[in-house]
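Here is my note for your first look at this model. Keep the viewer open and follow the points in order.

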Amino acid sequence: MKARFMMKFHRLLLLCLLLVASVAANAQSALLPLLIRQAGPTLSFVNITLPTVNFPGSAAVRMTEPAGVGGQRINLSSRTLRGVSPVVTVPGSIVIAAGQTQRLFYFFPSPTAVLGNQYTITATIPGGSSVTTESLGFTIPFVQSVTVSPLLMDLGEPGYFYGGKTLAATVVLNAPALAPGLVLNLSDEANTGALSLPATVTVPAGVRRFAFYFATRRVLNVTLPSLRVQDGFAVVSRPFWLMFPGVKRVSTIDTLVRVGQKVRLAVELDWTAADGLEVIALSQSFTSGRLTADRVSNLMRAGQGSITLTYTATAPGVVRAGAEVPGFRGQIFSPEITIVE
């Protein structure tokens with residue numbers, strides 16, 4: 001009797017265990033899709049730009065999949081690690097538009113924030129994943145780049161200017177200058193003596209892109225100065241070429257002459273000459289025609305922008321007259337000149 005009872009009890013216990021295992025398996029099978037659905041997209045921060053202590057920073061929150069219909073709300077918060085509380089303020093939330101994966105937002109320093117303050121920013125999908133930045137701080141404004149350009153167009157090619165003209169330098173900072181302004185120290189790093197620079201210029205507070213102007217001295221040789229800009233934190237140099245004038249065009253009204261006649265060649269420079277600029281007279285024959293320059297080398301006075309060269313027709317044929325300034329832009333010739341007996 002007792003043995004029969006124990007057998008029934010064991011069978012009942014086994015059935016209960018099987019039932020519990022089946023219920024647990026079914027529950028786990030039903031819970032797995034729910035867990036997958038709850039996991040959803042994950043977040044990350046991209047394109048973080050640190051603020052200065054006076055100006056906002058920015059960042060974008062990116063999801064691993066596009067937002068659904070109606071968009072996806074993202075909650076934002078900041079936490080102070082070192083400094084006053086709060087060090088920065090962020091929007092309470094942003095919305096990533098339907099079909100989009102990221103959204104830009106701005107965060108603002110507190111009025112008492114200083115360069116040593118530290119903070120983090122957290123983005124959260126309500127009921128879903130979240131992400132927190134690494135420890136962030138503030139950036140110091142400094143010079144990122146410097147470009148040099150003519151106040152008026154010279155050659156139409158960047159980096160080549162005539163000595164003696166006023167040039168413009170454009171400075172770009174990594175962040176707007178802080179009050180009372182960012183002082184820049186200027187010098188010619190190559191020490192050519194060709195730049196007339198102020199010792200300093202000041203980028204006004206709140207300005208990130210700033211232009212200033214400086215004079216250059218006339219040069220007799222091709223010169224490579226280098227504008228050095230230093231803000232106490234960064235140093236940026238920009239080399240560029242200073243040129244002396246060259247021949248722009250040549251022309252003549254004497255396109256048909258007899259042997260023994262004079263040919264006058266008008267030579268026009270790109271710009272007015274510096275002291276002692278030399279112009280060389282040239283000729284180029286297509287047949288047996290010949291022009292002989294009255295003077296092979298001609299010296300232009302300071303301030304001259306054009307000169308007349310003279311030749312003598314010495315043999316019949318077709319020829320062209322030309323001119324060059326040594327060391328600059330090659331040779332330029334006139335239209336064809338016909339010499340007859």
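## Strands, a pocket and a cavity

1. Begin with strand E22, residues 277-285. Six bridges tie E22 to E26, and the two strands run antiparallel. Keep in mind that this is a predicted model. For one place to look, find Ser283: it stands opposite Ala321 in E26.

2. Now turn to the other partner. E26 is also joined to strand E28, residues 337-340, by three bridges. This pair runs antiparallel too. Here Gly317 stands opposite Ile339 in E28.

3. Why is strand E26 largely enclosed by the rest of the structure? Count its buried residues. The strand covers residues 317-325, and seven of its nine residues are buried, so the rest of the structure largely encloses it. Buried here means under 20% relative accessible area.

4. A word on pairing in general. Strands of a sheet pair through backbone hydrogen bonds, and they can do so parallel or antiparallel.

5. Next, find the open sheet of four strands. Its order is E5-E3-E7-E8, and the pairing is antiparallel. Which strands sit at the edges? They are strand E5 (93-96) and strand E8 (130-132), each of which pairs on one side only. From one strand to the next, the twist averages 25°.

6. Strand E7, residues 118-124, is joined to E8 by three bridges, and the two run antiparallel. Thr124 has Ser130 in E8 as its bridge partner.

7. The largest pocket has a volume of about 180 Å³. It is lined by 14 residues, and those closest to its centre are Thr49, Leu50, Pro56, Asn174 and Pro176. What kinds of residue make up the lining of this pocket? Seven are nonpolar, six are polar and one is charged.

8. How many cavities of 30 Å³ or more does the count give? The count comes to one. The largest cavity holds about 30 Å³ of space. Its lining consists of Gly163, Arg218, Val219, Met243, Phe244, Pro245, Trp271, Thr272 and Ala274. Six of these lining residues are nonpolar, two are polar and one is charged. Arg counts as charged, so Arg218 is the charged residue in this lining.

Note on methods. Residues are numbered from 1 along each chain as its sequence is written. This is a predicted model: local features need pLDDT of at least 70, side-chain atom pairs count only at pLDDT 80 or more; totals for chains, interfaces and linings use all residues. Side-chain values use heavy atoms; hydrogens and water are left out. On a 1 Å grid over the protein atoms alone, a cavity is a set of points where a 1.4 Å probe fits but cannot get out, and a pocket is an open set with protein on both sides within 12 Å along at least five of seven lines; lining residues have an atom within 4 Å of a point. Grid points are joined across faces, edges and corners, and a volume is the space filled by probe spheres set on the points. Buried means under 20% relative accessible area, exposed over 50%, partly exposed in between (1.4 Å probe, protein chains only). Two strands pair if DSSP finds at least two bridges between them. Axes are lines fitted to C-alpha atoms, for helices over the stretch in contact, and angles run from 0 to 180 degrees between N-to-C directions.
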